[in-house]
Amino acid sequence: MEKVQIVSLIVSSIVLLGVVELVRRGRLRENYSILWICTSLVIMVFAVFRHLIDWLGRLTGIYYPPSAFFLLAFFFLTLISLQFSVVISSLTKSNKTLSQEIALLKQRMEELEKKGKT
Amino acid sequence: MRSDTLIIIPAHNEAGGIARIIEDIRAKAPGADIVVVDDGSTDSTALEVSETGAPVIRLPVNLGYGGALQTGFKYAISRGYLYAVQMDADGQHEPSYIPKLLEPVRAGAADVVLGSRFMGLGEYRSTFVRGMGMKLFGSIASVTIGRRVTDPTSGFQAMNREVMRFYASDLYPVDFPDADVLIMLHRAGLKSVEVPVEMYQRVEGVSMHSGLKPLYYVFKMFLSILVTLLRKNTFIKDV
C-alpha cells in the first residue's frame with residue numbers, strides 16, 4: 001500500500017465515523033447523512049483499489065487520471081450542496097406557512113378577546 | 001353587518017400614510033371590509049391601522065409582498081368572503097376604482113380583474129429596465145393567454161373565491177407576483193381581464209423594485225414562466 005492510499009483511507013474513515021457518530025447522537029438526521037456516508041465510502045473504495053482511478057480516467061477521457069478523483073469529489077460536493085438548497089427551500093416554505101398561521105391565529109385571538117370584553 | 005367583499009392591503013413600514021388610505025377606501029368604496037397585513041413592519045404601521053378600527057394581521061417576520069398578500073387571501077377564505085380586492089398601502093392605487101374592478105367579477109364575466117395603468121387613463125412613469133421588463137413579460141403573457149396584457153405587474157386586483165383559493169396555494173410566489181401568475185391562472189382555467197385605472201407615483205417610502213432588483217426580476221420571471229409552462233396544472237376548480 002502506498003502512502004497516499006493510507007492517508008485517504010484514514011481521512012475517509014474519520015469522515016465516516018464522524019458522520020455515524022453525529023447520527024448516533026441525534027445531531028444529524030439520517031436522511032441528510034446518506035450522501036455523506038456515500039461520499040466517504042466512495043473515497044474508501046478508491047483508496048483501496050487504486051487502479052479504479054486510472055480506469056475512471058480512461059472511461060471519461062481524462063488525460064491525467066488523478067484529476068478524475070477531483071472530478072468525483074467535486075461531483076459529490078455539488079450533490080450535497082444541491083441537497084442543502086432543496087432542504088432550505090422546503091424549510092422556507094414551511095416557515096412561511098407557519099408565520100402566516102401564527103399571524104392569523106393571533107389576529108383571531110385578539111378579536112375574540114375584544115369581543116369578550118364588551 | 002358583515003360584507004361579502006374584503007379589501008386586502010399588505011403593508012410594510014407604511015406608518016404616516018396608511019390611516020389616510022383606509023379612510024379614503026371607506027369613503028370611496030363603502031360596504032367593503034378592510035384588512036391590513038402588516039409584513040413585519042418596524043414602525044407604528046400596525047398601531048395606526050388599529051386606531052382606524054380595521055383588523056390588522058401582524059406577521060412575526062417579513063415575508064415579502066406576495067407572502068403578506070397570501071396571508072390576506074387565507075384570511076378572506078377562512079372568513080367566507082365571496083370577493084376580495086388587493087391593493088397597495090403606498091397610495092399608488094385610487095380607491096374610487098374598486099367598484100369598477102369588482103363589477104366584472106360580481107357579474108361572473110371574469111374570475112379576476114386587474115387594474116391596468118397602461119390603458120389610457122392617467123400618466124404613469126416607470127424606470128427604463130422595469131418598463132422594458134413589463135413590456136417583454138407582458139407580451140409573453142399576451143401570447144400564452146391569448147389576450148392583450150398591458151400591465152402584468154398590477155397589484156390592484158379584484159377576484160372571486162376560486163382565485164383566492166388559487167392564490168392561497170403554495171405555487172403563489174412570495175416576492176412579487178407578476179406575469180407568471182397570470183399564466184398560472186390561465187393554465188388553471190381561471191379567466192383574467194384588465195380594466196383601465198389611474199395610478200399615482202409613490203408618495204412615501206422606497207419602491208420594492210429598486211437597486212439590483214430589476215436584474216433579479218428579469219431572471220426570476222423567465223425561470224418562473226418557463227417552469228409554469230412545464231408544470232402540469234394541479235388546481236381543481238371547485239364548481
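## A helix with one buried face

Helix α3 of chain A sends its buried residues against α2 (30-48) and α4 of chain A, where contact means heavy atoms within 4.5 Å. This is a predicted model, in which local features need pLDDT of at least 70 and side-chain atom pairs count only at pLDDT 80 or more, while totals for chains, interfaces and linings use all residues. Residues are numbered from 1 along each chain as its sequence is written, chains are lettered from A and ligands numbered from 1 in the order in which they are written, and side-chain values use heavy atoms, with hydrogens and water left out.

Which residues of α3 (residues 51-60) in chain A are buried? They are A:Ile53, A:Leu56 and A:Gly57; buried means under 20% relative accessible area, exposed over 50% and partly exposed in between (1.4 Å probe, protein chains only). Seen down the axis of α3(A), the buried residues fall within an arc of 100°, so they line one face of the helix; the arc is that of the directions from the helix axis to the C-beta atoms. A:His51, A:Arg58 and A:Leu59 are exposed on the other side of α3(A). Just after this helix, A:Gly61 has a positive phi of about 75°. Helices (H or I, at least four residues) and strands (E, at least two) are DSSP runs, numbered from the N terminus.

## Aromatic rings

Over all chains, there are seven aromatic pairs. Rings of Phe, Tyr and Trp (its six-membered ring) pair if their centres lie within 6.5 Å; planes under 30 degrees apart count as stacked, over 60 as edge-to-face and the rest as tilted. One of the pairs is B:Tyr167 with B:Tyr172, tilted at 4.8 Å centre to centre and 40° between the planes. B:Tyr167 is buried at a relative accessible area of 1%, and B:Tyr172 is buried at 5%.

B:Phe176 and B:Tyr216 make an edge-to-face pair, 6.4 Å centre to centre with 75° between the planes. This pair links distant parts of the chain, 40 residues apart: B:Phe176 sits in the loop between α6 (161-167) and α7 (179-187) of chain B, and B:Tyr216 in helix α8 (residues 213-230) of chain B. B:Phe176 is buried at 7% relative accessibility, whereas B:Tyr216 is partly exposed at 41%. Ring pairs also join B:Phe73, B:Phe166, B:Tyr167 and B:Tyr172 into a cluster.
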